[in-house]
Amino acid sequence: MTQKVNTILEITDKELSIQLSLNGLSFCVLNTSNNTITAIKHFSKEKKLTPFELLDFVKHLFNTESLLKENYNKVTVIHTNELSALVPQALFNEDAMADYLKLSSKILKSDYITYDTITANETVNVYVPYINVNNFIYDHFGAFTYKHFSTVLIENLVAAEKNASDDKLYINVNTTHFELLAFAKGKLLLYNTFEYTTPEDFIYYVLFTTEQLEFNPETISAILLGAIEKDDTLYNILYKYIRNVSFGNRMDSFSFTEKQNNQYSNFTLLKSL
């Protein structure tokens, strides 16, 4: 279920995508009249914030960033955290959402829980959004749509792998965590997110998952997205153990005001537009 709050907005030719996490905020602006991304900005915090500190940080950015003071025809908010769980749509019970999350996440009785329906593979993504930030954004913009970070990843990668005949690992790298999606001949076998502080943490989780799924490191294809570059420490340690490593492609049709270094970073930020 895509979450939406409706009110009347001034019609413009711009859309805004905001991605939130306890490590900061990113946003991008799309000019729909010429299909051009006119701005991509990242604001990171060295230490992990609490949800209350995140709200203060968001308020500060909305007070200081001129682009966040403008009107937009559409606003999308992407919530990034580990508080999510995939449930087969046929088994989903809206009254049991807290029970699904308790199996893999530490949640509080006061947490607001919602879900996205992922039609691409008939699953439901149950998660905890930053509802305090949602409320602030509603007060600021009015109408907006929000969903979980993993929903965007899963929707797009399941679509990309629909007709695949081989096995793949997709690894979406962030500075403090990464997401791993495993596909067997086009079918999603696993989605998980892992926190890491060292390259050794990173490769441990990748190899452990590979072993558990009985994938062969010599033949499995690992496709990289996000904050990683060829020959950096994460890439080198991955290539040491998995031989078929390549970079993904957003396959978007946007033009960019500022030249982009690659086609695989800012994946969820841009694919949410």
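The buried residues of helix α5 pack against β10, β11, β12 and α6; here buried means under 20% relative accessible area and exposed over 50%, with partly exposed in between, for a 1.4 Å probe and protein chains only. Helices (H or I, at least four residues) and strands (E, at least two) are DSSP runs, numbered from the N terminus.

Before I continue, please note that this is a predicted model, in which local features need pLDDT of at least 70 and side-chain atom pairs count only at pLDDT 80 or more, while totals for chains, interfaces and linings use all residues. Residues are numbered from 1 along each chain as its sequence is written, and side-chain values use heavy atoms, with hydrogens and water left out.

Which residues of α5 are buried? They are Phe-202, Ile-203, Val-206, Thr-209 and Thr-210. Because they cover an arc of only 130° around the axis, they lie on the same side of α5; the arc is that of the directions from the helix axis to the C-beta atoms. The face turned away from this buried side carries the exposed residues Glu-200, Glu-211 and Gln-212. After α5 comes Glu-214, with a positive phi near 60°.

Let me turn to the cores. A nonpolar core is a set of buried Ala, Val, Leu, Ile, Met, Phe, Trp, Tyr and Cys residues joined through side-chain atoms within 4.5 Å. The largest one has 39 residues, and those with the most contacts inside it are Ile-171, Leu-181, Phe-202, Val-206 and Leu-238. At least two residues of this core come from each of α4 (149-160), β10 (167-173), β11 (177-184), β12 (187-195), α5 (199-212), β13 (221-226) and α6 (233-241). Helix α4 gives the most, with six residues. Apart from this core lies another, of 29 residues, including Leu-16, Leu-61, Leu-68 and Ile-137.

Finally, I come to a sheet. Three strands form an open sheet in the order β6-β8-β7, with antiparallel pairing; two strands pair if DSSP finds at least two bridges between them. The edge strands, β6 (84-88) and β7 (114-118), each pair on one side only. Between β6 and β8 (residues 123-127) there are five bridges, and Ala-85 has Val-126 of β8 as its bridge partner. Helix α4 packs on the sheet, touching β6, β7 and β8, and its direction makes about 5° with that of β7. Contact means heavy atoms within 4.5 Å, and axes are lines fitted to C-alpha atoms, for helices over the stretch in contact, with angles from 0 to 180 degrees between N-to-C directions.
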